[in-house]
Amino acid sequence: IKTSNYIKFNNNIHNNHRNIHRNVKQNIIIDIDDKPLNQTISNQLSQSEDELSAQDHPILTEDLINNLINKKRSYQSIITERFFQSIDDYQINSKIKSLYKDGYIESNKVLTSKPREKIVILGTGWASYTFLKSIDSTKYDVVVISPRNYFMFTPMLAASAVGTVEFKSICDPIRNVNPFVDYLEATALYVKSESNAVTCQSIKCEGTSCETVDFDVPYDYLIIAVGATTNTYGIKGVKEHCVFLKQIDDASNIRRAIVNCFERANVPELSEKEKRIMLSFVIVGAGPTGVEFTSELRDWIEVEGKKYYSKLLKYVKINLIEAGNYILPI
């Protein structure tokens, strides 16, 4: 996070005439493009209540905080920030490569006599991927813990479910992101905050027998970036009978299921009603993933389906279900 664009403050707010929440401790990160306002808030955070009351500048109220948090950024501002972040990443990577070339780094290990603080990262998603690209491994000992040893480009996951792109095209081994960090294929069970350690579980296999092994990983800094699981909203039968679209394995299962549906519908003994049931596809959720997959499935049916299953296309029906009153445009 760029300190020029963000202010992080830990503010104890008391009952006063400004109508701010009483006795609430807040940790807030605010995106601020307005430099005068940025400086105003910085000054307020370092001053007492009495000093603030005697000044004429804008008061840091709850409404002001909400407006800043919800403030929309221009596309140009976002692109500019991404550009400078790319420059920072390039400079750090160039520094690491030069150290490797000069002999300071050998066999993916950082050779230094100075003790380095240990950073443990849980997860290999977007947050971890971005952090690993920019972290200076010569200053910190970085360990990544995740059951998945690759980063997945999720916007293309729906396309991979129908074969538009291959799975390897949307995956990047986590060791390629930063070769000077250590990766442990394991699942984090719980965090021991009192001893600064993470208890993990890994699977150890010898021949055809496998067993679980628990171990602790100490840390100085812990970054939790494990993402989220698909919410079933407590609906019975969802886990047992539905296919999710969250991981590479899910996309592979969907691709296999689609082909199996067409192959079973092609059996001569089936009636037209049975074929319509077999080729009725239901996508629940009209968010980015649901709408994107609906579009990809329709394109697959119009191209590949027309090529291989032309006589079955009249039985195909795609249903997109959304609880809200609108969906994203396809």
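**Note on the predicted model**

1. Asn196 is partly exposed, because its relative accessible area is 31%. This residue belongs to a predicted model. Asn196 lies in the loop between strand E10 (187–192) and strand E11 (197–206). Its backbone deserves attention in review: Asn196 is not a glycine, yet its phi is positive, at about 50°. As background, most residues other than glycine have a negative phi.

2. A further residue with this backbone feature is Tyr233, which is not a glycine and has a positive phi near 55°. Tyr233 sits in the loop that runs between strand E13 (221–224) and helix H8 (238–241). Is Tyr233 exposed or buried? With a relative accessibility of 69%, Tyr233 counts as exposed, because the cut-off for that class is over 50%.

3. Cys205 is placed opposite Cys210 of E12. How many disulfides does the structure hold? The number is zero. For the reader's orientation, a disulfide is a covalent bond between the sulfur atoms of two cysteines.

4. Cys261, by contrast, is buried, because its relative accessible area of 15% falls under the 20% cut-off.

5. The next points concern charged side chains. In general, side chains of opposite charge can pair when their charged atoms come close. Three salt bridges are found in a search of the whole structure. One of them joins the side chains of Lys192 and Asp216, with an N to O distance of 3.0 Å. This pair links distant parts of the chain, 24 residues apart: Lys192 is in strand E10 and Asp216 is in strand E12. Lys192 is partly exposed at 23% relative accessibility, and Asp216 is also partly exposed, with a relative accessible area of 42%.

6. Another salt bridge is made by the side chains of Arg255 and Glu166, at 3.8 Å from N to O. Here too distant parts of the chain are linked, 89 residues apart: Arg255 belongs to helix H9 (residues 248–265), whereas Glu166 lies in the loop between helix H6 (157–160) and strand E8 (171–173). Arg255 counts as partly exposed at 23% relative accessibility, as does Glu166 at 39%.

7. Arg298 and Asp299 also meet through their side chains in a salt bridge, with 3.9 Å from N to O. Arg298 is partly exposed, its relative accessible area being 38%. Asp299 is partly exposed as well, at 33%.

8. The last point turns to a nonpolar part of the surface. Which residues make the nonpolar surface patch? Phe83, Phe84 and Ile87 form it, over about 290 Å². Ile87 is located in helix H4 (residues 75–101).

Note on methods
Residues are numbered from 1 along each chain as its sequence is written. This is a predicted model: local features need pLDDT of at least 70, side-chain atom pairs count only at pLDDT 80 or more; totals for chains, interfaces and linings use all residues. Side-chain values use heavy atoms; hydrogens and water are left out. Patches are made of residues with over 30% relative accessible area and no salt bridge: like charges are joined within 9 Å, nonpolar side chains (Val, Leu, Ile, Met, Phe, Trp, Tyr) within 5 Å. Accessible areas come from the Shrake-Rupley method with a 1.4 Å probe; for residues, only the protein chains shown count as cover. A salt bridge is a side-chain nitrogen of Lys or Arg within 4 Å of a carboxyl oxygen of Asp or Glu. Helices (H or I, at least four residues) and strands (E, at least two) are DSSP runs, numbered from the N terminus. Buried means under 20% relative accessible area, exposed over 50%, partly exposed in between (1.4 Å probe, protein chains only). Two strands pair if DSSP finds at least two bridges between them. A disulfide is a pair of cysteine sulfur atoms within 2.5 Å.
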